[in-house]
Structures are given as C-alpha cells and as structure tokens.
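Q: Can you walk me through this one? I have not looked at it before.

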Amino acid sequence: MRIRYFLQVLVIIGVMSACGNSKQVVAPAVESQVNLMDQQMMSVLWMQHSHEVKIMQEQQYRNAARKLKENLRQASGDNLLAVILDIDETVLDNSPYEARLIRDGEKYSDESWDLWVKERQAALIPGAREFLMEAERLGIEVFYISNRSIEHLEPTIENLMTYNLPAADESHVLLKVEDPDKTERRNTVKDKFEVILYVGDQLSDFVEEQDSFQEDMADNEEMVEHALKYFVILPNPMYGGFEKMLYNNQSGLTDRQIDQKRRDALITKRKK
Ligand SMILES: [Mg+2]
C-alpha cells in the first residue's frame, strides 16, 4: 500500500511540475493529428444550444430598433433613409453548415457551401424579422449587403422570402460580384440614401478593415463612438475577420502552422 501511495505522489508531483514548466501551448507534432474543424465544435454548439445566444440576438435586435428610432430623430430630414444588414450570421443562421463540416471532418469549400445555400434552409436569427418589419413601418429602406456570391442570388432571396422579410428582392439584396470589400456596394446605397444604421456580425459589415484596424480600434475613441452609434453587432464565435490577425494576414499556412499560431495567440496572463 505504502509503495502504491508513494508512486501516486510521485506521479502527481511529476504532472504538477510539468504543468508549471510549460510556457508554450504546443501544437501536436504530426500534421494528421491536427483537426482545425474540431476546434469549431464548442462555438457551433454554443450558437445552436445556448439560451444566452438567443437572448443576446434578440437583445441586439431590440437595441438596433431603439438606435434606428434615435438616429431617425437626428437625421437631416432631407434625405431618403436606409438601414443596411449583412445576411450570414446576422439574418440567417448557417450553423448547420458548420456542424456538417465538423461531422464529416471537412473544411470549408465552395462546393459544400454552394450545396448548403441551394438548400435554402438557413434558419432566421431571433429578433431579425421584428426589427426589419419595424424599419419598414418607419419608412426606412432595407438593404442586405452580403458576400454570398452573386450566383446565389436566387436561393438567397428565396431563403429570405421563407420568412416574409421585407425587401427580399434583386434591387435590395446586394451580393458579391468579385470584390469582397463591401465599400462600393455601401456607396451605391449611400448615393441615394442616408444610411442611419448597419447590422452585422463582422466589423467589415460596417467599415472595411485595414491592417491592424482591430488593434487600433481600442485607441481610436472616435471610431468606437461612431461604431456605437451606427453599428449593431450580432455574436458569431464560429469564424470571422479576427482570425486573419492571428496569422498576421499570412496565407498558405499548413493546418499545423495555423494550429500553432492559434495556440501562440492564447492570452494566459493579463497584458501590461
Ligand atoms: Mg455575416
């Protein structure tokens, strides 16, 4: 008994000292052991099952309706007014697509995304319809600017029409022709309308991100104030522009390199 106890203590001391010495969170050595999609699993489960996310989405859309009315009161009164929304993870929920990738051990591909979009089965994000109906009631023109490909215009409109959403038509759904930068499409709306609110799940749904834009954001009070007034953000932990920053905008990295960069980016103590 004593020997077994002694051995157990030795094992515990060994584990504790190993933990204490580990300065870096190390990626698996073998490429085949890295499964990046598995790292999405908790994010997808949170989006699909947590009560918190449903309340947060509802809350953000009510917040958006309040801002819309506030900005409407402050608008010049001379212009036609508009609100611009993103589609994916803002109005439509694509988490089942992400879930399938995890289930099938696959990464994102244009082919699998194409099949998903053509199913026209994306669910509506809670609160979106009530907000859109309110915008329509207030006489504010609704536009959707999304980086879904222009080839997906028809299934996208049909998916939106499933929920009887306003402005689900070709002149109000502005998809990506070539350039993922949404600035030009925003400008076509701004040419005719005063845009009083944006709703999206990425900063790029509001303003195009420049290099290190997100880092600068913390020091840029003016930008933060502008975003607080004109932009409402929906939660999306599954993917997003933040990821590029983790890789310093490098492309062509192997899965193992990506995995290591993610681990390196983990903050394990308070920044000074
Ligand atoms: Mg989106």
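What follows covers salt bridges and then a pocket.

Q: What should I know before starting?
A: This is a predicted model, where local features need pLDDT of at least 70, side-chain atom pairs count only at pLDDT 80 or more, and totals for chains, interfaces and linings use all residues. Residues are numbered from 1 along each chain as its sequence is written, and side-chain values use heavy atoms, with hydrogens and water left out.

Q: How many salt bridges are in the whole structure?
A: The search finds 14, each being a side-chain nitrogen of Lys or Arg within 4 Å of a carboxyl oxygen of Asp or Glu.

Q: What does lysine 69 form a salt bridge with?
A: Glutamate 134, with the closest N and O atoms 3.1 Å apart. Lysine 69 is in helix H3 and glutamate 134 in helix H6, so the pair ties together parts 65 residues apart in sequence. Helices here are DSSP runs (H or I, at least four residues), numbered from the N terminus.

Q: Is glutamate 134 buried or exposed?
A: Buried, at 15% relative accessibility, whereas lysine 69 is partly exposed at 33%. Buried means under 20% relative accessible area, exposed over 50%, and partly exposed in between (1.4 Å probe, protein chains only).

Q: And which side chain meets glutamate 119?
A: Arginine 100, in a salt bridge of 2.7 Å, N to O. Glutamate 119 lies in helix H5 and arginine 100 in helix H4, so this pair links parts 19 residues apart in sequence.

Q: New topic: how do the residues lining the largest pocket divide?
A: Into 11 nonpolar (Ala, Val, Leu, Ile, Met, Phe, Trp, Tyr, Cys and Pro), 20 charged (Asp, Glu, Lys and Arg) and 13 polar (the others, Gly among them). A pocket is an open set of points on a 1 Å grid over the protein atoms alone where a 1.4 Å probe fits, with protein on both sides within 12 Å along at least five of seven lines; lining residues have an atom within 4 Å of a point.

Notes. Helix = DSSP H or I, 4+ residues; strand = E, 2+ residues; numbered from the N terminus.
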